[in-house]
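User: Please take me through the terms used for this model, and set each value against its definition.

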Amino acid sequence: MMRRTALYEEHLALDGRMVDFAGWELPVLYSSIIEEHAATRTGAGLFDVSHMGEIIVNGPGAKSFLRRMIPTRVDKLAPSRSMYTCLCREDGGVVDDIFIFMISESEFYIVVNAATIEKDLKWVRAHASNDVEIVDVSAETSKIDLQGPASLDILTRVLADERAGRLERFEFFHAEHRAVRLMVSRTGYTGENGYELFVPNDAAVSLWRELLQAGEEYGIKPAGLGARDMLRLEAAYSLYGHELSDTITPVEAGLNWLVTSADDYIGRRVLVEQKEKGAPRTIICFELEGRGVPREHCPVLKDGVEIGMSTSGGFSPILKKGIGMALVKAGTLAVGDAFSLLIRDNPVPARAVKRPFYAFNG
Amino acid sequence: MSHIPDDLKYTKDSEWIRMDDEFTATCGITDHAQEMLTDIVFVELPEPGMEVAGGEQVAVVESVKAVSNVYSPVSGRISEVNRALEGSPELLNGDPYGEGWMFKIEMKAPRELDGLMDAAAYAAHIESES
């Protein structure tokens with residue numbers, strides 16, 4: 001039995017085309033991925049990402065626990081600030097990539113991928129000391145992402161809270177809205193300015209409807225997983241299971257900037273060595289020069305030799321061509337280098353390009 | 001409800017075929033197929049002159065979200081392909097039975113058409129799959 005979010009009936013009413021995503025029944029699109037993508041780049045897109053997990057880490061030992069769990073300096077955080085990082089294994093591989101929201105010195109709210117909730121819980125519980133409490137609030141929490149250049153205008157129409165306009169990127173606050181407490185964070189996964197709204201399940205439908213209504217004059221569209229994937233790919237954001245995994249380290253994924261902690265965290269030895277001396281493999285961005293659409297698992301060939309495999313791919317409506325990311329042997333491809341991508345056994349010309357495809361617009 | 005013209009024959013994989021004369025037919029994918037795929041961004045066509053068997057894969061259609069193989073409804077020789085689709089694959093979304101035609105085939109055995117579905121049977125087929 002597939003799981004449904006609190007917004008399931010809304011998706012059906014909006015003609016969402018439902019698919020199985022990590023055991024969740026979610027819309028891959030409503031009308032058209034291209035239209036939903038365009039709405040998010042020019043006005044706003046509204047995404048139901050309630051399948052994602054939320055874990056609270058609470059207690060006097062919470063901060064030192066996190067120092068042990070992540071390769072990023074925990075001091076980067078302050079109350080009301082969030083950051084992107086990952087949970088690493090001893091060998092540097094990634095258990096999951098996560099967002100940490102610092103509520104207070106002793107309380108942290110962690111957002112994790114849907115497919116890895118159980119695995120993450122097991123991992124953090126196995127490493128937590130007695131002065132840390134781990135609470136999984138995934139099942140009662142809905143997450144609605146409002147993304148796009150018009151998102152602040154739309155948000156302030158719904159939420160009469162002047163703090164929204166003052167929010168810096170990666171900051172968040174808790175607000176009261178129609179007697180419900182919600183968390184508003186200026187974060188996202190699209191390359192556009194935007195907000196992520198965390199609400200109790202029973203308030204999700206009314207908030208979703210309010211946002212769609214307030215956004216009407218800005219051209220808001222409900223947007224499915226298909227648009228979300230293309231938006232994040234253009235922004236060259238990693239997707240767990242693709243550019244990051246148990247066997248791909250953050251350094252290999254091009255996320256050196258996450259490896260900054262001076263603490264004794266899990267995976268430190270490998271990650272510091274890779275950061276200083278280079279990792280055996282690296283994620284590159286590429287554009288297809290020939291016709292076609294790259295997908296994941298396409299072999300990458302240079303001078304007839306296989307040097308890696310694509311990890312994500314698709315057709316970029318902004319660039320009007322196939323784009324993707326690939327994990328290749330280090331030192332084999334520099335920006336500008338030509339290579340071949342094997343699509344259904346046909347070599348198609350491609351070129352390594354600068355990351356990202358689409359610069360953050362906000 | 002997708003559009004299913006009465007004068008065509010259909011395969012279970014949602015290709016259509018229209019007889020142009022006694023031996024030549026035009027083929028494409030149905031309105032239902034393009035609706036399922038949505039935004040089509042890439043079409044790979046067969047080479048004219050290619051001999052194909054009924055049910056053999058002859059083309060590939062890719063939308064933003066998925067890739068789909070296209071099979072020849074009948075056996076024969078590909079006589080012509082719609083090159084306009086290479087530059088404008090969206091024709092398949094906009095006019096799947098007209099400007100979005102994919103290839104013409106000189107049929108080996110026109111009686112193969114008897115094994116294909118008519119509009120009513122195809123409508124029932126896609127209904128049963130939904």
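User: How do you know which features may be described here?
Analyst: This is a predicted model, in which local features need pLDDT of at least 70 and side-chain atom pairs count only at pLDDT 80 or more, while totals for chains, interfaces and linings use all residues. Residues are numbered from 1 along each chain as its sequence is written, chains are lettered from A and ligands numbered from 1 in the order in which they are written, and side-chain values use heavy atoms, with hydrogens and water left out.

User: Why is Pro71(A) called buried?
Analyst: Its relative accessible area is 0%, and buried means under 20%, against over 50% for exposed and partly exposed in between (1.4 Å probe, protein chains only), so Pro71(A) is buried.

User: What does Pro71(A) touch?
Analyst: With contact taken as heavy atoms within 4.5 Å, and not counting residues up to four places away in sequence, Pro71(A) touches several residues, including Thr85(A), Cys88(A), Leu258(A) and Tyr265(A).

User: What makes β10 and β13 of chain A edge strands?
Analyst: The open, mixed sheet has the order β10-β11-β12-β9-β3-β13 (chain A), and β10 (172–177) and β13 (221–222) each pair on one side only. Strands here are DSSP runs (E, at least two residues; helices are H or I, at least four), numbered from the N terminus.

User: How do you know that β10(A) and β11(A) pair?
Analyst: Two strands pair if DSSP finds at least two bridges between them, and β10(A) and β11 (residues 180–185) have six, in the antiparallel sense, so they pair.
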